[in-house]
Amino acid sequence: MLQLSKHWVWDSWYAFDGVHYHAFYLKAPRSLGDPDQRHWHAVVGHAVSSDLLTWTEVTDALVPSASPAFDDLAIWTGSVICDDAGIWRMYYTGISRAENGKVQRIGLCTSTNLLEWERIGTTALVGADSRWYEDRAGGSSEDEAWRDPWVTREADGTWRMLITARANQGPADVRGVVGLATSPDGLSWTVQKPISAPGFGFTQLEVNQIAEIDGRRVLIFCCGAREMSAEYQAQGVRTGIFAINLDEAGAINTRAAYRLTGPELYAGRLVQRQSDRKWVLMAFLNEDLNGEFVGSLSDPTPVRWNTEGHLELDR
């Protein structure tokens, strides 16, 4: 577990350099008092580990830019991937002071060693496209959702980015979609239509990730109780991490979502442990037994497929 005495820790993403795991995570001072205020003070912390259990904190990876900039208020969730030249790329979410943090955009920084990071360009890499996605001006919410980039490479070399977004049509409480952008080089991105349809269950699907575990592909995401649809809220569906099994075509059907955890964990990442090649869930400790915010990173929990064909924690 990674628990910091002076900072809350929440959303995280990981890289492995051949020897050590690197955890990148959002952090903000506990001295703020109210955990809800942490979002407007977030920076990207960094810790290293040889086993995903014992962590050593190192220098923060990324802090807000000097004003004016699209990321001069706070830095939010991202992902790290290594390119063909051995350069590490961190795609991340930025919010700005000019818009009071209400518009989310995605930026890029790079590193040769995972320790020192340099921003690429002074503007956002990619933002929401109103052809398919809700923007702040015409949206159903006070903010413009375009965050949590999860970047991978396809077999043909295409770069693919999954994004937390909202569709620009339909009832407000079911507009949550998995947004998509693609790129030939990881630098120039084209926004595509979402790869899930709105209309059921969620106002937003946060912190998306697709992984292939034992030959089966699965999408995991998280959603808070207040971001559930009215139907789900009436059923008492609670905060947690969810999963959707993907078919051979990779279709995402939100009606097929099932719960992976309760409110005790949030913002899960599936990480393949190098020692035994087993998949584990890393997340942050969200609520304690009294419903109070915790704000630290969990130990790794193995996952497995159960007899119903659902991914579950192997505790």
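The following is a conversation about how terms are applied to a predicted model of one protein chain.

Visitor: What should I know about the model before we start?
Guide: The model is predicted, so local features need pLDDT of at least 70, side-chain atom pairs count only at pLDDT 80 or more, and totals for chains, interfaces and linings use all residues. Residues are numbered from 1 along each chain as its sequence is written, and side-chain values use heavy atoms, with hydrogens and water left out.

Visitor: How many helices and strands does the protein chain have?
Guide: The protein chain has one helix and 21 strands. Helices (H or I, at least four residues) and strands (E, at least two) are DSSP runs, numbered from the N terminus.

Visitor: How do you know whether the radius of gyration agrees with that of a compact globule?
Guide: The radius of gyration is taken over C-alpha atoms, and the globule rule is 2.2 Å times the number of residues to the power 0.38. For 315 residues the rule gives a value near 20 Å; the protein chain has 18 Å, so the two agree. The C-alpha atoms fill a box of roughly 50 × 45 × 45 Å along the principal axes.

Visitor: What makes a residue buried, and what share of the protein chain counts as buried?
Guide: Buried means under 20% relative accessible area, exposed means over 50%, and partly exposed lies in between (1.4 Å probe, protein chains only). Of the 315 residues, 55% count as buried.

Visitor: Why is strand β14 called largely enclosed?
Guide: Strand β14 covers residues 216-223, and six of its eight residues are buried, so the rest of the structure largely encloses it.

Visitor: What makes β13 and β14 a pair?
Guide: Two strands pair if DSSP finds at least two bridges between them. Six bridges join β13 (residues 206-213) to β14, and the strands run antiparallel. Alanine 211 stands opposite valine 218 in β14. The two strands form a hairpin with two residues between them, and aspartate 214 in the turn has a positive phi of about 50°.

Visitor: What makes a set of residues a nonpolar core?
Guide: The set must consist of buried Ala, Val, Leu, Ile, Met, Phe, Trp, Tyr and Cys residues joined through side-chain atoms within 4.5 Å. The largest such core has 61 residues, and Phe24 and Leu270 have the most contacts inside it. Strand β18 (residues 279-287) gives the largest share of this core, seven residues. A second, separate core of 19 residues includes Leu219, Phe221, Tyr232 and Ile244.

Visitor: How do you know how many disulfides the structure holds?
Guide: A disulfide is a pair of cysteine sulfur atoms within 2.5 Å, and the structure holds zero. The sulfur of cysteine 82 is 14 Å from the closest cysteine sulfur, in cysteine 109, which is too far for a bond. For cysteine 222 the closest is in cysteine 223, at 7.8 Å, also too far for a bond.

Visitor: Why is glutamate 227 called partly exposed?
Guide: Its relative accessible area is 24%, so glutamate 227 is partly exposed. Glutamate 227 lies in the loop between β14 and α1 (230-234). Beyond residues up to four places away in sequence, glutamate 227 touches Phe202, Thr203 and Gln204.

Visitor: Why is serine 298 called buried?
Guide: Serine 298 has 7% relative accessibility, so it counts as buried. Its place is in the loop between β19 (293-297) and β20 (301-305). Leaving aside neighbours within four places in sequence, the contacts of serine 298 include Met1, Leu265 and Phe284.

Terms used:
Contact means heavy atoms within 4.5 Å.
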